[in-house]
Amino acid sequence: MDHAMHHHTGTAPGATWSMAIRATLHCLLGCAVGEILGMVIGTALLWGDVPTMALAIGLAFVFGYSFTLFAVVRAGVSLKAAVKIALAADTVSIAVMELVDNTIIALTPGAMDAHLSEGLFWYALLGGFAVAFLVTTPVNKWMIGRGKGHAVVHAHP
């Protein structure tokens, strides 16, 4: 993407599938770290489905936002501005990803009762991520094309 053109003209560049895939992979990484950690903690502590999913979703947002936040701060943006950028860039993407992923996990028979050592636990979790990636990528493409989502991050060189 031509950062200089976008920054100076204030117009959103045309979104490409490549841009959308990169944005979605970025989101997936943060969501996966947070969600796997939450699922592992909740399962290991023998928590019920609702508290385990709540922890996993909460951590997915924390890690998803923090990955963007650290990158933007490292680029020289103030912490206050970086928080606004991370919220604008990632909220919809993380929300869609978490909705799809957790719906698949919840609807997979036995997945929420599976132990960490069982394949079903990991197949449901990773399968949910794969489907969430496929659903979230077009959402990110649409948002980037309208100057929203990860386009907000790229507006700050």
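Why do the end C-alpha atoms of α2 lie at a distance that agrees with its 28 residues? At 1.5 Å a residue, α2 should span 40 Å, and its end C-alpha atoms are 38 Å apart, so the two values agree. The expected span here is 1.5 Å times one less than the number of residues in the helix.

Before I continue, a word on the source. This is a predicted model, in which local features need pLDDT of at least 70 and side-chain atom pairs count only at pLDDT 80 or more, while totals for chains, interfaces and linings use all residues. Residues are numbered from 1 along each chain as its sequence is written, and side-chain values use heavy atoms, with hydrogens and water left out.

Let me turn to the overall plan. The chain has six helices and zero strands, and along the sequence its pattern reads α-α-α-α-α-α. Helices (H or I, at least four residues) and strands (E, at least two) are DSSP runs, numbered from the N terminus. Of the 157 residues, 40% count as buried; buried means under 20% relative accessible area, exposed over 50%, and partly exposed in between, with a 1.4 Å probe and protein chains only. Among contacts with a separation of 6 or more, 72% join residues 24 or more positions apart, where contact means heavy atoms within 4.5 Å.

Helix α2, residues 17–44, packs against helix α3, residues 49–74, at an angle of about 145 degrees, with the axes 7 Å apart. Axes are lines fitted to C-alpha atoms, for helices over the stretch in contact, and angles run from 0 to 180 degrees between N-to-C directions. By class, the contact of α2 with α3 has 13 nonpolar, nine polar and one charged residues.

In the loop between these two helices lies L46. L46 has a positive phi of about 60 degrees although it is not a glycine. Is L46 buried or exposed? Its relative accessibility is 67%, so L46 counts as exposed.

Leaving out residues up to four places away in sequence, M39 touches several residues, including T52, M53, N102 and I105.

Beyond four places in sequence, N102 touches E35, M39, M53 and I57.

E98 also lies in helix α4, and with a relative accessible area of 3% E98 is buried. Its contacts beyond four places in sequence include C31, E35 and F61.

Finally, T136 lies in helix α5, residues 119–145. At 0% relative accessibility, T136 counts as buried. Leaving aside neighbours within four places in sequence, T136 is in contact with T24, S93, V96 and M97. Thank you for your attention.

Notes. Nonpolar A, V, L, I, M, F, W, Y, C, P; charged D, E, K, R; others polar.
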